[in-house]
Amino acid sequence: MKTAFSKVLLACVTAGMLSLSVQADTLTRQNGAPVGDNQNSQTAGPWGPVLLQDSHLIEKLASFDRERIPERVVHARGTGVYGYYENYEDLSDETMAAPFQKEGKKTDVFVRFSAVIHGHQSPETLRDPRGFAVKFYTEQGNWDLVGNNFPVFFIRDAIKFPDMVHAFKPSPVTNVQMGSRIFDFFSHVPEGTHALTMLFSDYGTPASYLNMNGSGVHAFKFVDESGDYKYVKFTWKANQPVKNFTAEQAMKVQGEDFQPHTSDIYTRIGEKGETASWDLYLQEMEPEQLDDYDFNPLDTTKIWPESLVPARKIGRLVLNRVPDNFFEETEQAAFAPSNLIPGIEPSEDRMLQGRLFSYADTQRYRLGVNAYRIPVNSPKNATIDNHEQHGQLRTTHSTRDVNYQPSRRVDLNEDPAYRYSSKPLAGMTQQIPFYKEQNFKQAGDFYRSLSKEGRQHLIENMGGTLAGTPEEEIRVIISAYMYNADKEYGTGVAKRANASLSKVKAKAKELMDTQTERAKHAKQVA
Ligand code: HEM
């Protein structure tokens with residue numbers, strides 16, 4: 001028997017007043033079917049419970065329940081921008097890498113800037129390094145240069161990374177970030193002196209993502225067509241003036257706006273249509289030069305000083321378009337140091353070697369096995385053609401019966417021109433530190449490069465945070481690192497942190513002696 005409503009509906013349709021095809025502006029369910037009521041759940045009469053058979057309601061709540069994906073374990077808060085890289089110099093005699101093949105060549109890029117330690121929607125004003133990750137959509141596939149605003153890192157071996165991050169993150173007991181946990185960890189890690197010095201300087205609180213420099217940090221290899229290689233480092237120098245907040249300014253801004261960096265990009269680039277640019281500088285080192293310096297060039301706690309290894313401008317990065325949708329593009333973006341292209345290979349840097357595994361691994365967990373098929377991560381100027389298949393959320397379509405290689409039926413072959421370069425190796429497998437640890441010198445150079453005001457801020461920021469560490473031993477050790485970097489710096493930190501200066505001096509000497517002893521031992525074993 002027809003209900004009164006269906007009789008009316010039928011009459012309307014018959015009279016041509018309604019069309020049964022769904023209009024483009026009709027709200028639909030996930031299967032494309034039109035939704036009749038998006039305001040009232042289906043109930044058993046006016047007083048009865050909601051019915052399980054209201055599939056639209058169930059689907060809507062279920063979809064909402066699953067809106068969050070795991071956030072990045074580090075660098076969770078970030079913002080993305082599109083643009084291009086323009087190459088100034090033909091480097092085809094040094095590398096096969098596509099972006100560097102011709103003068104004037106442009107390559108599409110997506111960049112994600114980020115803060116490191118806190119969560120997905122945390123304040124952007126906190127003291128932290130900032131991520132500067134660039135995805136180049138080249139015709140040889142995607143190349144990710146996943147760098148930071150600091151040119152050095154806190155540790156030099158990937159094996160320490162999870163412990164370091166645990167120390168920086170809030171306590172597992174209270175969920176409060178504690179300077180004392182950070183300094184407890186670093187009191188065993190003198191190699192952190194350089195990056196800690198940068199972190200507690202005003203560079204630890206940049207005023208804007210667009211007003212900071214960036215660095216690839218690690219050495220990579222430029223490989224030419226014959227397989228010869230040299231070591232290279234990449235640095236982004238901003239064409240906008242570099243601007244930092246003082247600790248006071250950062251606190252004030254945070255009280256008014258806890259997301260100034262994202263707003264800044266959406267205002268300047270998104271609304272006003274401005275562009276921002278950085279020049280790309282290249283430093284190069286021949287393999288036989290690796291042992292020529294008083295530091296190890298494959299150590300992430302070191303820069304290659306430009307006085308020793310000159311830098312030259314080879315191109316520029318221009319950012320000019322914000323994403324249409326934060327989740328689809330920025331949140332789902334997956335950058336990985338292992339996303340390399342022919343002509344760029346990893347160096348033997350022990351941190352980089354760990355990163356080669358870690359990023360793609362976390363992305364398989366965070367986004368799934370098809371992470372690199374998501375549009376923002378998928379090559380835009382190259383085609384993926386291999387036999388990796390299936391897995392959750394595979395949306396690509398294939399009609400090819402041959403899903404193996406080699407095959408006489410499908411001519412999909414490797415090209416020996418793109419084999420990895422070779423490097424002669426000798427020696428024993430071992431677990432020893434670098435014999436040129438040189439933990440303090442470059443931190444001192446950085447300290448002395450700061451203005452008088454900048455040095456005072458650094459001493460106040462570091463000493464003030466260190467003062468909250470209850471154990472005097474830790475306050476003494478950390479001050480001793482800084483004392484070994486620069487006597488004025490260490491003395492200032494010790495005073496502010498209330499650490500005995502005579503103990504600091506004695507510890508500083510002990511640390512230097514230990515470094516010398518370890519160096520001798522490591523050299524003998526190497
Ligand atoms: C993000 C691990 C060192 C820069 C990440 C993520 C992991 C990670 C697991 C999250 C990735 C994702 O969910 O997509 C490590 C490990 C390191 C290390 C194990 C040392 C062994 C570094 C260093 C730098 C760096 C030295 C700078 C040169 C970044 C950046 C991101 C990131 C910029 C955010 C990328 C984005 O915007 O999506 N790291 N990291 N990391 N890391 Fe590291």
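Trainee: Which residues have the most contacts inside the largest nonpolar core?

Mentor: This is a predicted model, in which local features need pLDDT of at least 70 and side-chain atom pairs count only at pLDDT 80 or more, while totals for chains, interfaces and linings use all residues. Residues are numbered from 1 along each chain as its sequence is written. A nonpolar core is a set of buried Ala, Val, Leu, Ile, Met, Phe, Trp, Tyr and Cys residues joined through C-beta atoms within 7 Å. The largest one has 56 residues, and those with the most contacts inside it are V109, V111 and L317.

Trainee: Which strand gives the most to this core?

Mentor: Strands (E, at least two residues) and helices (H or I, at least four) are DSSP runs, numbered from the N terminus. With 6 residues, the leading contributor to this core is strand β7 (residues 229-238).

Trainee: Which residues is L317 in contact with, leaving aside its neighbours within four places in sequence?

Mentor: Two residues are in contact if their C-beta atoms, placed from the backbone, lie within 7 Å. On that criterion, the partners of L317 are G83, Y85, V109, V134, W236, S277, W278 and L280.

Trainee: How many residues of α12 are buried?

Mentor: A residue is buried if 20 or more other C-beta atoms lie within 10 Å of its own, exposed if 12 or fewer, and partly exposed in between, with C-beta atoms placed from the backbone. Helix α12 spans residues 472-485, and I474, Y481 and A485 are among its buried residues. The helix is mostly covered, the buried count being 12 of its 14 residues.

Trainee: What covers the buried residues of α12?

Mentor: The cover includes α4 (179-186) and α5 (193-200). It also includes α10 (441-449), α11 (452-466), α13 (487-497) and α14 (501-525).

Trainee: Why does F446 count as buried?

Mentor: F446 lies in helix α10. It counts as buried because of its C-beta neighbours inside 10 Å, which number 24.

Trainee: How many residues apart in sequence are F446 and T197?

Mentor: F446 touches H194, T197 and M198, not counting residues up to four places away in sequence. From C-alpha to C-alpha, F446 and T197 are 8.0 Å apart in space, and their separation in sequence is 249 residues.

Trainee: What percentage of the residues in the protein chain is buried?

Mentor: The secondary structure of the protein chain comes to 14 helices and 10 strands. Of the 526 residues in the protein chain, the buried share is 38%.

Terms used
Expected span 1.5 Å × (residues − 1).
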